[in-house]
Amino acid sequence: MLSNILIYFVVIPVIMLAGVALSRNIKQIRAVAVTGSLALTALSVYLLVEYLGLRAAGDEAPMLFLQSIPWFAPLHINLSVGVDGISIAMIILSSIILLTGSFASWTIAQPKAFFLWLILLSTGVFGFFISIDLFTMFMFYEVALIPMYLLIGVWGSGRKEYSAMKLTLMLMGGSAFLMLSLIGIYYHSAPEGSQLTWNLLEIAHHNAIPEGWQKLLFPMAFVGFGVLGAMFPFHTWSPDGHASAPTAVSMLHAGVLMKLGGYGCFRVAIYLMPYAAQELGWIFLVLTGISVVYGAFSACVQTDLKYINAYSSVSHCGLVLFAILMFNTTAMTGAIMQMLSHGLMTALFFALIGMIYGRTHTRDIRQMGGLMKIMPFLCVCYVIAGMASLGLPGLSGFVAEMTIFVGSFEHTDTFHRVFTILACCSIVITAVYILRVVGKILFGPVYDKHHLALTDATWWERTSTVTLIISVAAIGCFPNFFASLIRFTFSPEIFKVIGMN
């Protein structure tokens, strides 16, 4: 059972696709979506328990639950799977957001087609996180990206066709860089005379990529994944895509899909090309530092709730890449915790924004006010999400950001410390736009008298938001559990394997 458990993260979504396709009414579609999402969540918890058991028993292998099924022998392509603490954290995050996104889409138009594309997107996400074969990983990466065009173009709002096309073109441009990098890695994956491989662990073990080739391939890989992580100046697709996407798509887009960028930057660019990462990392550290501050400042001047959260995501995801490039255990642990924290709190934000928009039919903060009197449950949830975003102790944002800043400040040189201080300034900027929005739309007099007739959250909306709030609080209250889950990946023993200090 254990050797096959990871395959079920792809099998279950495929079964869900078949179930939705055969469903005859919206009740059956909802049942398939929720049941499948619950099954994936339960499976991810089971995987976590088994993983922790093996680690406690003394298994120190870089990845566990390894399995490889030959796929295309002439090019040595295999369906190779395996996970470590980071992979499991991302799998748990993905399952929670898919589950809550299903509830948030309870009344979506054309539900059959919508859930088919949404589940296909999640299939790509789960497949990406369990893959250790570069070709298979890239395939699942593309499977996750392609449905975004239709999900935004058909079910979106505003300039949805423009946003869908812009997102697709920019992400496909990043994919082109990524594909070239992966092909280059493959042809230098093993010493001369040895069999070439796409396997991540084998490539890292051989450490055969010449330093010159690393300097060429590393920027392409980092940019390829960095585009999806909204790295400056390749971030412009993200705010437009978020603003036009339907609620569940925004939740998966910001909560999970953007995490593929940070995960790929570490797992491929840094893990396989450590020499180039050390030599060229400062360039991308500058770009990600700009992302952190620029995204926060941009959020301050927006009036659309989705654009505010979208630029906030640019800032928070920039912080993930910023921490990964610090190359030390503390900062990298903080980066993964930030991925979890941001994924959950931004999914909560977009869910709440969708619920508020569905009632008020506006996302313009200038046309809202006094909503706390009208829909107190949703507004309290929004305040909690805002407090998590600005780093209130006891919630996930505080733990993640403090870990990043402490780890980043471990560098004693002026360059790293100056950029760390600038990144820290984003906390203050975040507080400005969060408190501004909360004060404007939730308190004060009611802006529109028609809003007095609005209703508060339904049971499915409460289920979605409460699940996300509990998850955000769990990370904030029990940070050691999550830190210990991912810390082994960044242990000195693992760094030695990939040739880093």
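Buried means under 20% relative accessible area, exposed over 50%, and partly exposed in between, with a 1.4 Å probe and protein chains only. The model on screen is predicted: local features need pLDDT of at least 70, side-chain atom pairs count only at pLDDT 80 or more, and totals for chains, interfaces and linings use all residues. Residues are numbered from 1 along each chain as its sequence is written, and side-chain values use heavy atoms, leaving out hydrogens and water.

**Salt bridges**

Select Glu461 and Arg359, both buried. Their side chains meet in a salt bridge, 2.7 Å from N to O; the term stands for a side-chain nitrogen of Lys or Arg within 4 Å of a carboxyl oxygen of Asp or Glu. Glu461 lies in helix H19 (residues 459–477) and Arg359 in helix H14, so the pair ties together parts that are 102 residues apart in sequence. Helices (H or I, at least four residues) and strands (E, at least two) are DSSP runs, numbered from the N terminus.

Next, select Arg363 and Asp304, which form a salt bridge at 3.0 Å, N to O. Arg363 is in the loop between helix H14 (329–360) and helix H15 (371–374), and Asp304 is in the loop between helix H12 (274–300) and helix H13 (305–324), so this pair ties together parts 59 residues apart in sequence. Both residues are buried.

Then go to Asp84 and Arg267, where the closest N and O atoms of the salt bridge are 2.8 Å apart. The two residues are 183 apart: Asp84 sits in the loop between strand E2 (77–83) and helix H3 (85–104), Arg267 in helix H11 (residues 259–272). Asp84 and Arg267 are buried. The whole structure holds 5 salt bridges.

**Helix H3**

Stay with H3 and select Leu93. Leu93 is buried, with a relative accessible area of 2%. Contact here means heavy atoms within 4.5 Å. Leaving aside neighbours within four places in sequence, Leu93 is in contact with Gly255, Val256, Lys259, Met339, Leu340, Gly343 and Leu344.

Select residues 211–228, which make up H8. This helix has 18 residues and reaches 26 Å from its first C-alpha to its last, close to the 26 Å expected at 1.5 Å a residue; the expected span is 1.5 Å times one less than the number of residues. At Leu217, H8 bends by about 30°, and Pro219 follows within four residues. The bend is the angle between axes fitted to the seven residues ending at a position and the seven starting there. Buried residues of H8 include Gln214, Leu217, Phe218 and Met220.

Select Phe218. Not counting residues up to four places away in sequence, Phe218 touches Ala269, Ile270, Met273, Ala276, Ala277, Leu280 and Phe284. Phe218 is also among the residues with the most contacts inside the largest nonpolar core, along with Ile185, Leu260, Leu272 and Tyr382. Such a core is a set of buried Ala, Val, Leu, Ile, Met, Phe, Trp, Tyr and Cys residues joined through side-chain atoms within 4.5 Å. The largest one has 176 residues, and H14 gives the most to it, with 18 residues.

**Backbone exceptions**

Most residues other than glycine have a negative phi, and most peptide bonds are trans. Just after H8, Ala230 takes a positive phi of about 60°. Move on to Phe232 and Pro233, joined by a cis peptide bond with omega about 5°. Pro233 is in the loop between H8 and helix H9 (237–244).

Asn207 has a positive phi of about 50° and, at 40% relative accessibility, counts as partly exposed. Phe65, in strand E1 (residues 64–72), has a positive phi near 60°. At 8% relative accessibility, Phe65 is buried.

**Cysteines**

End with the sulfur atoms. A disulfide is a pair of cysteine sulfur atoms within 2.5 Å, and the count is 0. For Cys381, the nearest cysteine sulfur is that of Cys379, 9.1 Å away. Cys381 is buried, with a relative accessible area of 4%. For Cys477, the nearest cysteine sulfur is that of Cys381, 16 Å away. Cys477 counts as partly exposed at 47% relative accessibility.
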